[in-house]
Amino acid sequence: MSLELPAIARIAAALAVALLISFVATPIVKALAQRMGAVDVPKDNRRMHDHPIPRMGGLAIFLGFLLSTLVFVPMSQSLKGMLLGGVIIVILGMLDDVYALPALPKLIVQIGAALVAVLHGNVIQVLSNPNVFSSNPYWTLGKWAIPLTVIWIVAITNAVNLIDGLDGLAVGVATISSLTMLVIAMLVSDGVVALMMAALAGGCIGFMPYNLNPAKIFMGDTGSTFLGFILATASIQGLFKFYTIVSFAVPFLMLGLPLFDTCFAILRRVSRGQNPMSPDRSHVHHRLIDVGFNQKQAVAILYVISAILGLCAVVLTTSGALKAMVLLCALCFAGTIAAKISMGHVEKEEESIEGYDDLRDPPGGSEDGTPGEGAGEQEGD
């Protein structure tokens, strides 16, 4: 590692403190959510749970991150802007978890929170030129710096929110993304970003035991939008500031899964003549459920995809674009083969279950004239 041992120990301590605070605070936040009425009641087919579950659990992640950051990270103008914007996002998320706010007012407040972070110095000043044949290695954004930075922060804030559809999915993807940025920051000796990402990862890991399937509490908009906001703002400090091709590709690899799902959702809705912000049941995680995977399997698949993209981001940072592309292609090929094998296994299981039901329950039902057990179970499912 490029950082010295005392710095690494400080990073480990920041992660451990955030983890402990988040883990201890989650049961308290759960009781608070129930008292405030922040409970997710399954009322449509987009929801994967079958009973009311408290949300607003992201407050525990926020507390772990905030306290660890205040203890371990040197305070700066840009960090103040990030924390202040994060507080605005958390308050908005809590209100949304209790009152289910309309989309437009939430978007306006998110833009305001992004502007707070931007006006405190969290600005994308330059972008590396993706045209490797150009004599100019990077673009200076000039007057476009502030609007493009606000768009980036708001887009990632909502992208992480959109993938929060299965138990443990959003918190796991955010953990992988923050650990990816942590490793990159350590490799380039950026101690401040490494400490922030350690605190964020610790807060997520401390919350995860309560959120994995079957979830005892959801992070709600309080957590998903906060995680997206911090990841977006931290990426400006830790990734976009390098004037190389790396800075163009790494943030998109690190946050590839939520970005892809969001872009695909917008294109899908617009092509159908729908409002781009209207909810539907066609996200990547919904599609995995619909083809036969259970929640744990679907979440595991998306964890692997996110980890592959994160690994490619690290390789791109350390070994260059060619090796990263070779690694990405090899992993995609292996993933395709594994997916085909898994799909074939799922189809065989479904066929065997159907064959067993046919043998157990004749078409006419049971001998006493009542419907067969298999028919009742299928109707219940």
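Trainee: What is the mean pLDDT of the chain?
Mentor: This is a predicted model, and the chain's mean pLDDT comes to 80. Of its residues, 73% reach 70 or more.

Trainee: Which elements have the lowest and the highest mean pLDDT?
Mentor: Among the elements of the chain, helix α14, residues 373–380, has the lowest mean at 36. The highest belongs to α2, with 97.

Trainee: And where does pLDDT stay under 50?
Mentor: Look at residues 359–381. For that stretch the model has 12 contacts beyond four places in sequence.

Trainee: OK, switching to charges. How many salt bridges are there?
Mentor: The count comes to three. As background, side chains of opposite charge can pair when their charged atoms come close.

Trainee: Which residue does Asp 40 pair with?
Mentor: Asp 40 forms a salt bridge with Arg 55, and their closest N and O atoms are 3.5 Å apart. Asp 40 sits in strand β1 (residues 39–40), while Arg 55 is in the loop between β2 (53–54) and α2 (58–72). That pair links distant parts of the chain, 15 residues apart.

Trainee: Are those two buried or exposed?
Mentor: Both Asp 40 and Arg 55 are buried.

Trainee: What about Lys 106, which side chain does it meet in the 3.1 Å salt bridge?
Mentor: That one is Asp 96, with 3.1 Å from N to O. Lys 106 is in helix α4 (residues 103–119) and Asp 96 is in helix α3 (residues 77–99), so their pairing ties together parts 10 residues apart in sequence.

Trainee: Why does Asp 96 count as buried?
Mentor: Because its relative accessibility is 8%, and buried means under 20%. Lys 106 is buried too, with a relative accessible area of 17%.

Trainee: Which salt bridge is the 3.6 Å one?
Mentor: There the side chain of Asp 221 meets Lys 106, at 3.6 Å from N to O. Asp 221 lies in helix α8 (residues 220–238) and Lys 106 in α4, so this pair connects parts that are 115 residues apart in sequence. Asp 221 counts as buried as well, at 14% relative accessibility.

Trainee: So what do the shared partners join up?
Mentor: They join Asp 96, Lys 106 and Asp 221 into one network.

Trainee: New topic: helix packing. How do the axes of α7 and α8 cross?
Mentor: The axes of helix α7 (residues 191–211) and α8 come within 10 Å and cross at roughly 160°. Angles over 145 degrees count as roughly antiparallel, so that's the label for α7 and α8. The crossing of α7 past α8 is left-handed.

Trainee: Which residues make the contact?
Mentor: On the α7 side they include Val 193, Met 196 and Leu 200. On the α8 side, Phe 226, Leu 227 and Ile 230 are among them.

Trainee: Last one: where does Ala 170 lie, and what does it touch?
Mentor: Ala 170 lies in helix α6, residues 169–187. Leaving aside residues up to four places away in sequence, Ala 170 touches Val 160, Ile 163, Asp 164 and Met 219. With a relative accessible area of 1%, Ala 170 is buried.

Trainee: And how far apart are Ala 170 and Pro 258?
Mentor: They are 88 residues apart in sequence and 8.9 Å apart in space, C-alpha to C-alpha.

Terms used. Residues numbered from 1 in each chain as written. Heavy atoms only, no water. Salt bridge = Lys/Arg side-chain N within 4 Å of Asp/Glu carboxyl O. Helix = DSSP H or I, 4+ residues; strand = E, 2+ residues; numbered from the N terminus. Buried < 20%, exposed > 50% of the residue type's maximum accessible area, 1.4 Å probe, protein only. pLDDT = per-residue confidence, 0-100. Contact = heavy atoms within 4.5 Å. Axes fitted to C-alpha atoms, helices over the stretch in contact; angles between N-to-C directions. Parallel < 35°, antiparallel > 145°, perpendicular 65-115°, else oblique. Left-handed = near helix turned anticlockwise from the far one by under 90°.
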